[in-house]
Amino acid sequence: MATAIAVFTAYGQAAEPSAIPVKGDAPTSLYGGGAASRDDGIRKQAGDSFRWKGSGQITWKVQVDRAGDYEVVLNHAAEPGAVGQRVQVSSGGSEVEYTMAKTKGVFGDKSYEMTPIKNRLHLEAGAQSIALSIPDAPKAIDVLNFRSLELIPVAAKAVIEADRQEALRARASTEWMAKAGYGLMFHWTSQSVGKDGTHKPYAQAVDDFDVKRFADMVEETGAGYVIFTIGHAQSYCPAPLQAWEKYHPGKTTGRDLISEMADALSAKGIKLMCYLNAASLTGYPRTGEAEFTRIMTEVVTEFGEHYKEKVAGYWFDCCYQAKEKYPGFSFREFFKTCKAGNPNRIVALNSWIYPNVSEWQEYWAGETADPVGLPVKGTTPERGPGAGLRYQALLIMEPYWVQDKVAMPKPIESLREQLRDFLSHLPTTK
């Protein structure tokens, strides 16, 4: 799991959580962190999911926009030993039931999946309680890892599906990524140290960056693209961008390293993509939804219009946390923002090991660290994390994401053979 995810976690459960709005015209996500109550066997774990042991119940207070029937989807990873356990979702006199089955995806038995529950839950308008319960599991058994309960208003299904289809049609082509075969990601940040153990001020490190040597090195590896980190735990940008400077004074540079790097790589037929961290960029989770939206829109618009075709794609971190914290944030409108200056630019919204936060993206962020399941015809499987998106697995060769220590580690030995075998099976025309 990347440093960004470890540092920037979703907001904690409030002592007395307010009622969660359940919309009549859009899906609503109910997360464990927003529950009014949960039993002792349901414990929060890293990554803002909940490990569920034995029988138990989670209850949410909700404010229902309009009465009606709602489809229910369980966002979870089932424990193989719990297959066959009974799961119930209830509100008032309405109840739906699901019998646990294996979840599937690139992570095998550990894959999170969006599983529809048969039949529909009826919700009355106004203040209600919704309970998710597992009534009959033995006390010692691990049942599932729970991420969220999704409520989809039946009356709005046609509109929701139309939005999904629009997202699919709007996606830019990712064929070049498939032909590239593989790329390299560099976590070169304000925390990075040199081979001699020195840690330069960020602006000096940017001024001293040898772009030609970097591009030559990338070319020698045979990589078809580069993902370069712009901001991370600390939100620095190696370029003189006004919107970035507005929100992070003193954390931009006079040299436009991004532009120079893009030109040097492009001369060798290599594309540049940029990693951006939604959390550090916006001050998540302290900022409100309106401010989060404003910062993301202003910065990404200027970024796109400034670099145009020089930046072929974005890799946005902390998107699953942002979706939980800011339920009104429009990924549809943000997708359009990401196309500023280059309609063919491709986008990944990192949801880590969880199912996609939105259909408004082109490729799977793939923060897997180790090799996982291979792509199916260039895409992820139709179930589980990344379903239907262009496949990309983001692996790490060293024990950690950022080189902030004096000692330079050797690549993980066990990964060498795995990676060699993994790359040999990639469908590429490169």
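Guide: Start at glycine 181, which is partly exposed because its relative accessibility is 22%. Buried means under 20% relative accessible area, exposed means over 50%, and partly exposed is in between, using a 1.4 Å probe and protein chains only. This is a predicted model, in which local features need pLDDT of at least 70 and side-chain atom pairs count only at pLDDT 80 or more, while totals for chains, interfaces and linings use all residues. Residues are numbered from 1 along each chain as its sequence is written, and side-chain values use heavy atoms, with hydrogens and water left out.

Glycine 181 sits in the loop between helix H3 (175-180) and strand E13 (183-186). Helices (H or I, at least four residues) and strands (E, at least two) are DSSP runs, numbered from the N terminus. Serine 414 is 233 residues from glycine 181 in sequence, and their C-alpha atoms are 22 Å apart in space.

Next, threonine 229. This residue belongs to strand E14. Threonine 229 counts as buried because its relative accessibility is 1%. A polar atom of its side chain lies 2.8 Å from the backbone oxygen of phenylalanine 186. Such a polar contact is a pair of N or O atoms within 3.5 Å; within protein, one must be able to donate a hydrogen and the other to accept it, and residues adjacent in sequence count only if both atoms are side-chain atoms. Leaving out residues up to four places away in sequence, threonine 229 touches Met185, Phe186, His187, Trp188, Thr189 and Tyr275. Contact here means heavy atoms within 4.5 Å.

H7 spans residues 257-266, and its buried residues include Leu257, Ile258, Ser259, Met261, Ala262 and Leu265.

Now follow H9 to its partner. H9 and H11 pack with their axes 8 Å apart, at an angle of about 20°. That angle makes H9 roughly parallel to H11. Axes are lines fitted to C-alpha atoms, for helices over the stretch in contact, and angles run from 0 to 180 degrees between N-to-C directions. Under 35 degrees counts as roughly parallel, over 145 as roughly antiparallel, 65 to 115 as roughly perpendicular and the rest as oblique. On the H9 side, Met296, Thr297, Val300 and Thr301 meet Phe334, Thr337 and Cys338 of H11.

Phe334 also belongs to an aromatic cluster, with Tyr284, Phe292, Phe303, Tyr307, Tyr314, Phe316, Tyr326, Phe329 and Phe331. The structure holds 27 aromatic pairs. Rings of Phe, Tyr and Trp (its six-membered ring) pair if their centres lie within 6.5 Å; planes under 30 degrees apart are stacked, over 60 edge-to-face and the rest tilted. One of these pairs joins tyrosine 284 and tyrosine 326 edge-to-face, at 6.0 Å centre to centre and 70° between the planes. Tyrosine 284 is in the loop between helix H8 (278-282) and helix H9 (289-307), and tyrosine 326 in the loop between helix H10 (319-325) and helix H11 (331-338), so the pair ties together parts 42 residues apart in sequence. Both are buried: tyrosine 284 has a relative accessible area of 3%, and tyrosine 326 has 2%.

Tyrosine 284 has a backbone feature too. A cis peptide bond joins it to proline 285, with omega about 5°. Proline 285 lies in the loop between H8 and H9.

Cysteine 318 counts as buried, at 3% relative accessibility. Aspartate 48 likewise has a positive phi, about 65°, although it is not a glycine. Aspartate 48 lies in the loop between strand E4 (42-45) and strand E5 (49-53).

Finish with charges over rings. Lysine 271 lies over the face of tryptophan 176, at 5.3 Å from the ring centre. Arginine 147 lies over the face of tyrosine 354, at 4.9 Å from the ring centre. A charge sits over a ring if NZ of Lys or CZ of Arg is within 6 Å of the ring centre and within 35 degrees of the ring normal.
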